[in-house]
Amino acid sequence: MNSNDVTGMLDTIIIGGGQAGLTLGHHLKEQHRNFLILDANQRSGDAWRQRWDSMRVFTPAKYDGLPGQPFPADPLSFPTKDEVADYLEGYAERNGLPVIHGTRVERLWREGGHYVAAANGRRWVARNAVVATGVSQAPKVPGFAAELAPSTVQLHSSQYRNPGQLQDGPVLVVGLGNSGAEIALEVCRTHPTTVAGKPTGELPVKHGRTAARYALPVVRFVGLHVLTLGTPVGWKAAPIFTAHATPLIRTKTKDLAAAGVRLVPRMAGVADGQPVLADGTRLEAANVIWCTGFRHDFSWIDPGLLDGGALPRQHRGVALDAPGLFFLGQEFLYAAASATLPGVGRDARYLAGVIPHAGQTAQGGISRGSAAAAA
């Protein structure tokens with residue numbers, strides 16, 4: 001790269017233009033900071049547009065708005081994924097946020113006390129870098145998926161849109177988290193459907209408007225204020241939350257059973273091209289939908305900034321050993337709700353208060369102003 005590829009020195013680069021990056025951008029703009037948001041997608045909100053057609057969020061609209069802009073819907077309704085996407089696009093436009101779309105960062109490294117992000121033959125230099133790429137980074141599929149018969153249609157939940165993608169014959173949904181439950185309930189209307197797996201738990205109330213009025217405010221409070229890294233119960237819960245699927249919220253096992261979905265043990269392997277369950281049972285499946293979650297993909301970040309390929313030692317998103325490096329929108333970054341629409345605002349507000357300004361230094365990764373940051 002030559003000098004013509006380098007923009008002027010920025011205060012902050014935000015990598016990722018989803019709800020986390022946009023919310024932080026809102027706060028930094030209020031502080032009159034010089035920053036850019038680099039987004040791999042072509043439009044703000046595309047990460048939501050790319051999910052399955054019938055997807056709706058689990059939180060009511062009254063909790064889905066970002067700072068300064070309530071969600072424009074019935075407060076007790078549950079927005080569709082496209083409504084969320086359009087809201088995020090409008091949020092970026094109304095706030096005049098400096099988002100560069102179609103820019104997937106290929107490398108991030110530290111050079112001369114600054115951070116450098118490279119993408120599309122260009123590079124940006126900033127005093128601070130915030131990784132806000134979210135939790136749905138790289139689809140996670142077991143290695144034995146390659147052993148399924150070539151005739152089997154295989155889709156990860158991130159690729160599934162609707163039952164029209166499937167061929168005739170039985171469907172096996174692997175994984176009984178919320179995505180698996182919701183997708184299984186949909187495809188069972190057109191295909192014989194089996195779900196392999198066991199849920200972590202189930203919300204003990206019926207999801208809907210009544211829950212939005214009475215039960216979900218309690219769930220939100222627990223997710224924001226009880227299950228945090230600042231409480232003993234939160235410290236104990238964090239590894240469980242990050243290692244297992246979220247308890248079933250809208251579609252429960254009884255709903256699946258009532259719809260004719262067959263519930264079986266987890267899938268353990270493949271034999272003769274067909275799925276094999278943990279109890280040794282072989283299944284016939286013309287279609288397999290992998291609802292097996294996602295894994296982090298930080299391969300584009302200089303390994304020296306990470307801890308064995310994972311998040312570095314950090315406190316509330318502030319890297320402790322890499323001054324000027326921050327993370328946002330990760331699962332249980334500070335609380336159980338950290339990666340959600342209702343939870344990202346508090347984490348973003350905190351980071352906006354600790355990201356050092358020009359002329360300010362970061363002590364051990366935490367700026368002098370951290371004590372005054374909003375909690």
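Student: Is Arg43 buried, partly exposed or exposed?
Tutor: Arg43 has a relative accessibility of 37%, a value to be read against the limits used here, where buried means under 20% relative accessible area, exposed means over 50%, and partly exposed lies in between (1.4 Å probe, protein chains only). The model is predicted, and local features need a pLDDT of at least 70, side-chain atom pairs count only at pLDDT 80 or more, and totals for chains, interfaces and linings use all residues. Residues are numbered from 1 along each chain as its sequence is written, and side-chain values use heavy atoms, with hydrogens and water left out. By these limits, Arg43 counts as partly exposed.

Student: Which residue forms a salt bridge with Arg43, at 2.8 Å between the closest N and O atoms?
Tutor: A salt bridge needs a side-chain nitrogen of Lys or Arg within 4 Å of a carboxyl oxygen of Asp or Glu, and by this rule the count comes to 10. The partner of Arg43, with the closest N and O atoms 2.8 Å apart, is Glu89.

Student: How many residues apart are Glu89 and Arg43, and where do they lie?
Tutor: Helices (H or I, at least four residues) and strands (E, at least two) are DSSP runs, numbered from the N terminus. Glu89 belongs to helix H3 (residues 81-94), whereas Arg43 sits in the loop between strand S2 (35-38) and helix H2 (46-49). Glu89 is buried, at a relative accessible area of 18%. The pair links distant parts of the chain, and the separation is 46 residues.

Student: Which residue does Asp74 meet in a salt bridge?
Tutor: Asp74, which is partly exposed at 35% relative accessibility, lies in the loop between H2 and H3, and its partner, 135 residues apart from it, is in helix H5 (residues 209-213). The N to O distance is 2.7 Å, and the residue is Arg209.

Student: How many of the residues of H9 are buried?
Tutor: The buried residues of H9 include Leu341, Val344, Tyr350, Leu351 and Val354. As a general point, nonpolar side chains tend to be buried together in soluble globular proteins. H9 is mostly covered, and the number of its 14 residues that are buried is 12.

Student: What volume does the second largest pocket have?
Tutor: On a 1 Å grid over the protein atoms alone, a pocket is an open set of points where a 1.4 Å probe fits, with protein on both sides within 12 Å along at least five of seven lines, and lining residues have an atom within 4 Å of a point. Grid points are joined across faces, edges and corners, and the volume is the space filled by probe spheres set on the points. The lining has 14 residues, with Arg220, Leu224, Pro342, Gly345 and Arg346 nearest the centre, and H9 supplies the largest share, six residues. The space in this pocket is about 210 Å³.

Student: Is Gln330 buried or exposed?
Tutor: Gln330 lies in the loop between strand S18 (325-327) and H9. Leaving aside neighbours within four places in sequence, Gln330 is in contact (heavy atoms within 4.5 Å) with residues that include Thr133, His296, Phe298 and Leu311. At 1% relative accessibility, Gln330 counts as buried.
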